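Let's take a walk through this structure together, with the charged side chains and the backbone as our guides.

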Amino acid sequence: MPSVLIPVKELVKICRDEGVDQVFVDAAHGIGCIDIDVKEIGADFYTSNLHKWFFCPPSVAFLYCRKLLTCLNLHHPIVSHEYGNGLPIESGWIGTRDYSPQLVVSSALDFVNRFENGIEGIKKRNHDAVVEMGKMLAKAWGTNLGVPPEMCTSMIMVGLPASLGISSEKDALKLRTHLRKNFGVEVPIFFKQPEDLEVDSITGYARVSHQVYNKIEDYLKFRDAVSQLVCDGFTCMLLPD
């Protein structure tokens, strides 16, 4: 199930106990969404994007590398004049890539600190709001949340009505496109394979998010769009390939 809060620190420890030499954590949604202490997590490498939850343009991210002798033999696939100075340095300047988005980070920090309690306040309000909106949607559609609220951050999975007939990842993508083109709603939708002998089970889940710029009207619009599809007897079989 996507958007589940994963116990990364515990998983890293399990990897160590099992003799895994190096652990790389791809925490795409991490920074701005959860608390991060890379040293406490204990992974050898940790990366996260700042454009998802920290108000930066695409391509802005950070890479953390522990000080390990083995890192001396790791290199960025694009060779630059920093070759041999360590992976973090090699990753910091690559050819003729546009680095101007990185200049926004300091302004993003200033923007975040304009909110009550800074990023900590934003994370808490996002979590509380997305759980409230997720419960509202599930109640309206007679479905359920994909995971308990305590396993969510600023995103939550909400079951879609079984009558929509989502039977594959292709159906999920077609429904997402249909909602965007016909209702002006953009939301990722995921297919969940039903368990054996399950009948009329929920096979589609929407990944609902909340950020400071979202309003309750956004979620009501999504609620009403799905409710209208159900009322009209819509199924994914009606959508063209």
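Is Arg 66 buried, partly exposed or exposed? In this predicted model, Arg 66 is partly exposed, its relative accessible area being 31%. Its salt-bridge partner is Asp 44, with 3.2 Å between the closest N and O atoms. Asp 44 sits in the loop between α2 and β2 and Arg 66 in the loop between β3 and α3 (87-92), so the bridge ties together parts 22 residues apart in sequence. Asp 44 itself is buried, at 1% relative accessibility.

Now turn to Asp 35, which pairs with Lys 123 in a salt bridge whose closest N and O atoms are 2.5 Å apart. Here the loop between β1 (24-26) and α2 (38-41) supplies Asp 35 and helix α5 (residues 118-141) supplies Lys 123, so parts 88 residues apart in sequence are tied together. Asp 35 is exposed at 59% relative accessibility, whereas Lys 123 is buried at 10%.

Further along, Arg 180 and Glu 186 meet through their side chains at 2.9 Å, N to O. Both ends are partly exposed: Arg 180 has a relative accessible area of 37%, and Glu 186 stands at 42%. Salt bridges also link Lys 170, Asp 171, Lys 174 and Asp 241 in a network. The count of salt bridges comes to 13.

Phe 55 is not a glycine, yet its phi is positive, near 65°. Ser 59 belongs to the loop between β2 and β3, and its phi is also positive, at about 85°. Phe 55 is partly exposed at 23%, while Ser 59 is exposed at 55%.

How values were computed
Residues are numbered from 1 along each chain as its sequence is written. This is a predicted model: local features need pLDDT of at least 70, side-chain atom pairs count only at pLDDT 80 or more; totals for chains, interfaces and linings use all residues. Side-chain values use heavy atoms; hydrogens and water are left out. Buried means under 20% relative accessible area, exposed over 50%, partly exposed in between (1.4 Å probe, protein chains only). Helices (H or I, at least four residues) and strands (E, at least two) are DSSP runs, numbered from the N terminus. A salt bridge is a side-chain nitrogen of Lys or Arg within 4 Å of a carboxyl oxygen of Asp or Glu.
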